[in-house]
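Subject: Model handover

Hi,

Here is the structure we talked about. Please open it first, then read my notes below.

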Amino acid sequence: MYRLIFITLILSISANAQQNEFTTDYLERLENSRKYLILVAETMPEDKYNFKATPESMSFAENLMHIGWAMDWHCQSLLGGREARDWNTDTELKVDKKSKKEMITTIDKTFDKTIEFIKKFDITKLKDRLDYLGLNRTKRQILLLLTDHITHHRGQMLVYMRLNGLKPPRYILYQ
């Protein structure tokens, strides 16, 4: 009987350590993503923030703020249970009439809030499942989808830089 209890305890400790490793790795990844995104945003001249690759595309600035909106929605609303912002009326995470500096400050603060949320996130809930836009996903998957989303829109921003004759900052230092 004691052996069974001991083995169960060891397996439980091992599972928690693996989940803690996920959080540690995820936070490091998110911090690096923040640094690189802000460097990209700082590198693009403010007069190019309204650039769109096509008329139906989001602008450079809209991609930047959309990343913030998505971080807020994924963590604070979907995972955290806070009511989602009203896209039609809430301007905090929209371009609105923000300057380049104001947008960068806003995105930086949104990363702060997201990182704080993840630091406090109950890792025993990573396997819990939610409806994610019609798909049944674990909370772990949702966090991973968030990083994919950031990368996707940042990639669009990098293309916009190239289309404007600018060389994007090297990514290698932020992996």
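Is E31 buried, partly exposed or exposed? E31 counts as partly exposed, because its relative accessibility is 28%. Bear in mind that this is a predicted model.

**Confidence**

The average pLDDT of the chain is 91, and 87% of the residues reach at least 70. One stretch needs care: residues 12-16 have a pLDDT below 50. That stretch makes 1 contact in the model beyond near neighbours in sequence. Where pLDDT is low, the predicted coordinates should not be read in detail.

**Salt bridges around R34**

The whole structure holds 9 salt bridges. One of them joins the side chains of E31 and R34, at 3.2 Å from N to O. Both residues belong to helix α1, which covers residues 2-43. They are 3 residues apart there, so about one helical turn separates them. R34 counts as buried, because its relative accessibility is 10% and the cut-off is under 20%.

R34 also forms a salt bridge with D112. Here the closest N and O atoms are 2.9 Å apart. This pair links distant parts of the chain: R34 sits in helix α1 and D112 in helix α3 (residues 100-120), 78 residues apart. D112 has a relative accessibility of 40%, so D112 counts as partly exposed.

**A salt-bridge network**

E92 and R85 meet through their side chains in another salt bridge, again given N to O, at 3.2 Å. This one belongs to a network: salt bridges with shared partners join D72, R82, R85, D90, E92 and K113. R85 is at 18%, so R85 counts as buried.

**Aromatic rings**

The count of aromatic pairs comes to 7. Take F117 and F121 as one of them: the ring centres lie 5.8 Å apart. Their planes meet at 45 degrees, so the pair is tilted. A stacked pair would need planes under 30 degrees apart, and an edge-to-face pair over 60. F117 and F121 are both buried.

Two charged residues lie over ring faces. Which residue lies over the face of W87? K94 does, at 4.4 Å from the ring centre. R140 lies over the face of F22, also with 4.4 Å to the ring centre.

**A61 and its surroundings**

A61 is placed in helix α2, which spans residues 60-79. Its relative accessibility is 1%, so A61 counts as buried. What does A61 touch, leaving out residues up to four places away in sequence? The contacts are Y49, V95 and M103. A61 and S99 are 38 residues apart in sequence. In space, their C-alpha atoms are 9.6 Å apart.

**Where to look**

Please start with R34, which has salt bridges to E31 and to D112. Then go to the network that includes R85 and E92. Leave the detail of residues 12-16 aside, with their pLDDT below 50.

Best wishes

Note on methods: Residues are numbered from 1 along each chain as its sequence is written. This is a predicted model: local features need pLDDT of at least 70, side-chain atom pairs count only at pLDDT 80 or more; totals for chains, interfaces and linings use all residues. Side-chain values use heavy atoms; hydrogens and water are left out. pLDDT is the predictor's confidence in each residue, from 0 to 100. Contact means heavy atoms within 4.5 Å. Rings of Phe, Tyr and Trp (its six-membered ring) pair if their centres lie within 6.5 Å; planes under 30 degrees apart count as stacked, over 60 as edge-to-face and the rest as tilted. Buried means under 20% relative accessible area, exposed over 50%, partly exposed in between (1.4 Å probe, protein chains only). A charge sits over a ring if NZ of Lys or CZ of Arg is within 6 Å of the ring centre and within 35 degrees of the ring normal. Helices (H or I, at least four residues) and strands (E, at least two) are DSSP runs, numbered from the N terminus. A salt bridge is a side-chain nitrogen of Lys or Arg within 4 Å of a carboxyl oxygen of Asp or Glu.
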